[in-house]
Amino acid sequence: MIESLTILAGALPYLLKGSVVTIGVVFGAMSLGLLFGIALAVGQVYGAIWLKRLIGLYVWFFRGVPLLVLLFLFYFGLFSLLNINLTAFTVAVIVLGLISAAYQSQIFRGAIVSLPDGQLKAARALGMSDATAIVLIILPQALRLAIPAWSNEYSIVLKDSAVAYALGVTEIMARAHFVASRTYQHLPLYFTAGVIFLILTYAGTKALRLLEERVHIPGYSQ
Amino acid sequence: MSTEMIPVLSAERITKRYGKKTVVRTASISVNKGDLKVIIGPSGAGKSTLLQCINYLVTPDEGRILLEGREIDPSRKKDLYRLRQDVGMIFQDFNLFDHLTAHDNVRIALRRVKGIDKTDASERAVRELERVGLLDHMHKYPAQLSGGQKQRVSIARALAMDPKIMLLDEPTSALDPELITEVLAVIGDLRANGMTMIMSTHQISFASEMADEFIFMEAGIIVETGSPAKILSQAECERTREFCAKINEIYGTSY
Amino acid sequence: MEEMLFIRTEVVPALARGIIVSIQLIIPSSALGLLVGMAVGAARVYGNRSLTFAANCYVAIFRGFPLVVQLFIWYFGLPYIGIYMTPYVAAVLGFSLCSGAYHSEYIRGAFLSIKQGQLMAAKALGFSHVGMLIHVIFPQAFRRALPGCGNEIVYLIKYSSLAYMITCIELTGEGKIIASETFKYIEIFLIIGAVYLFLTTIASWFLRRLENRLSIPGFKPFSV
Ligand SMILES: Nc1ncnc2c1ncn2[C@@H]1O[C@H](COP(=O)(O)OP(=O)(O)OP(=O)(O)O)[C@@H](O)[C@H]1O
Ligand SMILES: [Mg+2]
């Protein structure tokens, strides 16, 4: 017991450095997913029929294939075929980001279509182009509405990021396993890794709740 | 009336179909400067659709729109956006931008459509809000305003664009009775200042005091037009008389 | 020609083996997961305080820890306290307990969303407790929980690939092995991706059909 604790205490800084890597993966993937997800959502709501179909196909693919398979496909397959040399970290960010974009696009799409028609109508009636109306009127409202679901997506991406270990990204889980295999303290180390993920989930969702309150518009509800 | 005068706006032989259903059938309206034309007619007659065809919020299947004698080509985006800036629209359910304060609602199109700089746009917005009596409420969000206040903000928002004509689609229908007067007062004010307007409404008695012309519409067709007095008391068409009788019963004759 | 032979004699059998193992993972795990979810969900709604507390802790941990961490705990961690499992058993255990925690959220929500008036009306009509449960509560709760739980099963199909990480060689694992031998990463993982896509699509389709079949006008599903 004492021995476990001293090993844990010694390993903690090393694990915490892993959480910096995890945060990096998650931040990168969520940002990519946000930008691309917004574009996909707008395309799916306002785009031409062929674009809607194409985006539907994208969403279907990236929501239907397991993360691990996509990681292998991109890391060992696609990028080496294209002769692009990317680190495991970058590939993890890209793959998690592309998957998250598929999920996020559905969050934003739901938020956009839940807005009353009149918002776009009124913007057009003032002479705004559709692009201007989407940027100034539709997205500011839709993004606010999407925060709770987005926060849920964050906690999913955070947990999924542990799969990046399969490519050798030195995130929390990889480090826990590395230390465990040398010290034979598997259970305490994995448990600690899990607790770090719990804390990161809590911190992130808490921050997003604060953001939600900050950008809340008085009286606005749906 | 002089025949030389070019109407501010004319809508010629507008037709709109949804599927097989013809919602507006070859309807024509033309409005001279300072005119107030009022469209009346039962629910589902196509009033909203016709008004929205005028600024191409709904694209008509046939017909054309002329603004000050110039035909609009809606496939040319610049033309379209120009038309919409020149035609102010007031909606039945206000359609204020829910994420913006009253002030920002009025200001946003000035800045982002007309490209007016921030200070000027702000000042202009304040002036328009003052004109509709909402200076004290300018920092409130739509959800914090009463229906009547919201509709006045939306009027201020349209006025700030310096429209050549305003389209008002049942501006008081969504309001509680005690809030109707404040909005009608603002509209009366516009009329007195010579604003050119087309309005659809069920407020027959108010409209009959102000309108130059009544347009009775039913089942997508403009059935009859004429002075309020004529339409209300000696309409040629049986349906028009029936409608006016019913509307008087519901809303009363006195304003 | 040689290539075709290789595909016929090596690739196809390996992937077929993998698919069978994957299905052997998915079906028991989703069934057990649902059972766990129902038990935990019911405990959270109808249990006494300590039971509810225990159930809530369970859900917090099993929803909060990444599935990879959980699998590692079962397979690599438990030997630390003298419990050994085969990779397959550890994977099924890990999948069931994790998806059970998610299921319980939907099931709990479904139970809670049944209005008090429904119970009062049933009591007023003289229903027994069991009768009320069978005829009033379950039909409503089931419909409310269905979309969420169904989605969870679709997720499970995808997450079953993580069994590979604790050396349970299912579809993804077989693929990884062949791909490393042949360096045909793209082809192999595209085929594997297509198999998963097929499974998730079928499952979602079936789920939507079931939802439509059971749908009642004005009756909204519960969502977290
Ligand atoms: N987008 C649409 N698709 C199909 N039918 C429509 C659409 N918009 C309107 N309609 C139909 O067109 C007809 C006219 O509608 P419109 O809203 O113009 O009537 P209205 O005279 O404004 O009625 P109200 O007094 O109720 O506002 C109605 O029968 C309506 O159902
Ligand atoms: Mg209308």
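Colleague: Of the two pairs of chains in contact, which share the most contacts, and what makes two residues count as being in contact?

Modeller: This is a predicted model, and in it chains A and C share the most contacts of the two pairs. A contact means heavy atoms within 4.5 Å, and by that rule the interface takes in 33 residues from chain C and 38 residues from chain A. Chain C and chain A together bury about 3,200 Å², with carbon and sulfur atoms accounting for 78% of that area.

Colleague: How do you know which residues matter to the area that chain B buries against chain A?

Modeller: The contact between these chains involves 23 residues of chain B and 21 residues of chain A, and about 2,000 Å² is buried between the two, 69% of it on carbon and sulfur atoms. Within chain B, the residues B:F97, B:D98 and B:H99 supply 30% of the area that this chain buries against chain A, which is more than any other three residues.

Colleague: Why are chain B and chain C not called a pair in contact?

Modeller: The closest C-alpha atoms of chain B and chain C lie 25 Å apart, and no contact joins the two chains.

Colleague: What makes up chain A, from the N terminus on?

Modeller: Chain A has eight helices and zero strands, so its elements run α-α-α-α-α-α-α-α from the N terminus on. Along the principal axes, its C-alpha atoms fill a box of roughly 70 × 45 × 25 Å.

Colleague: What part of chain A is called buried, and why?

Modeller: Buried residues make up 56% of the 222 residues in chain A, and they are called buried because each has under 20% relative accessible area. Chain A exposes about 9,800 Å², of which carbon and sulfur atoms supply 69%.

How values were computed: Residues numbered from 1 in each chain as written. Chains lettered and ligands numbered in written order. Predicted model: local features only at pLDDT ≥ 70, side-chain atom pairs only at ≥ 80, totals over all residues. Heavy atoms only, no water. Helix = DSSP H or I, 4+ residues; strand = E, 2+ residues; numbered from the N terminus. Buried < 20%, exposed > 50% of the residue type's maximum accessible area, 1.4 Å probe, protein only. Areas by Shrake-Rupley, 256 points an atom, 1.4 Å probe, with all protein chains shown as cover. Buried area = accessible area lost by both parts, 1.4 Å probe.
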